[in-house]
Amino acid sequence: MTMMPAAVATGLRELRCDEVPIPALEPGHALVKTMLGSICGSDLHIVYMGWNAHEFPLPHGYPGHEGVGEVVDPGDTSFSEGDLVLTAPNIWKSKVFAGYQMIEEQFLLKLPKDVPPAHLLMAQQLGTVVFGARKLPPLLGKTVAVLGQGSVGLFHDFMLRRLGAHRIIAVEPVEARREHGARMGVDHTIDVTGNRATDAVLDLTGGEGADVVIEACGSVETLNQALKVVKPLGTIAVFGLPPTMERIPFDWDTFFRKRLDLYTTFGAQDEPGLPAFQLAADFITKGEIDMAPFVTHQFPVERVQEAFDLAESREDGALKVSLTFE
């Protein structure tokens, strides 16, 4: 077989599946047959909002970067034919939404074969949360507000509880996602957004605000809301991507007057040995986190447009929408 199916974004909010040649193997790479590729919020920002998408069509398979597959040709790498692997490419080189990937050894993590691949697939996004959690301040006795309860927000709930957060407040308008948050151990869920959500967080904290805020949505509104719900001298971890390449409004005055620490999270894939992803895979393998509720929808790659539309709409209880490859 010399051809493979591959998704391609032909324009903003427009995708299709093509048949394209399987890539030829190069030194330092392995050829992996993709089994599953899940849609990340950053994929939606790129394909639906144009973030870092300078010209369409985008490369076939891009921007998928959360994948599980089987090594079919290890080349000169340390992997073996038949190995089940997590494919966690650097975002700029990602082509997970294709039937085969030629991927550098440094972006592959060997996985066990006695755990459902759909569950192990979640190790990519959980791994990025593990990576970001290392930068958090000590959380013992602290209150943390998480803006958004998609998979990123929910994985933060899991890590925050493990790191000793005293109280977790989740802001999420979608009922099904709030219910997931409650199952992950969130103490309070807020079902409104905007100023009403800000007021609710302040009410729950006696007017002080949260010690730490996790921005897990990726919007202008929630970025600036984080500045309002965090207490003076607090910390904001910005996990969500901006919705546009244009400059966005930022409440500098509040940021300055509160003397806040604010930072972004990026680069987990570039750590030698992928330690954050290994820890995430261990959490899943040992049953410390149940990934069954996260695996909500799967579509064959030929229905990539439908899959992306569902991931963006968040309807039908969608948390993680994945593409399958035969």
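Buried means under 20% relative accessible area, exposed means over 50%, and partly exposed lies in between, with a 1.4 Å probe and protein chains only. By that scale Cys 40 is buried, at 11% relative accessibility, and Cys 17 is partly exposed, at 23%.

Some background on the model. It is predicted, so local features need pLDDT of at least 70 and side-chain atom pairs count only at pLDDT 80 or more, while totals for chains, interfaces and linings use all residues. Residues are numbered from 1 along each chain as its sequence is written, and side-chain values use heavy atoms, leaving out hydrogens and water.

Staying with cysteines: how many disulfides does a search of the whole structure find? It finds 0, where a disulfide is a pair of cysteine sulfur atoms within 2.5 Å. For Cys 40, the closest cysteine sulfur is in Cys 217, 13 Å away, which is too far for a bond.

Next, the aromatic rings. The whole structure has 9 aromatic pairs, meaning rings of Phe, Tyr and Trp (its six-membered ring) with centres within 6.5 Å; planes under 30 degrees apart are stacked, over 60 edge-to-face, and the rest tilted. Phe 97 and Phe 308 make an edge-to-face pair, 5.8 Å centre to centre with 85° between the planes. They are 211 residues apart: Phe 97 is in the loop between strand S5 (84-87) and strand S6 (100-104), and Phe 308 is in helix H10 (residues 304-313). Helices (H or I, at least four residues) and strands (E, at least two) are DSSP runs, numbered from the N terminus. Both Phe 97 and Phe 308 are buried. Elsewhere, Phe 250, Trp 252, Phe 255 and Phe 256 form one aromatic cluster.
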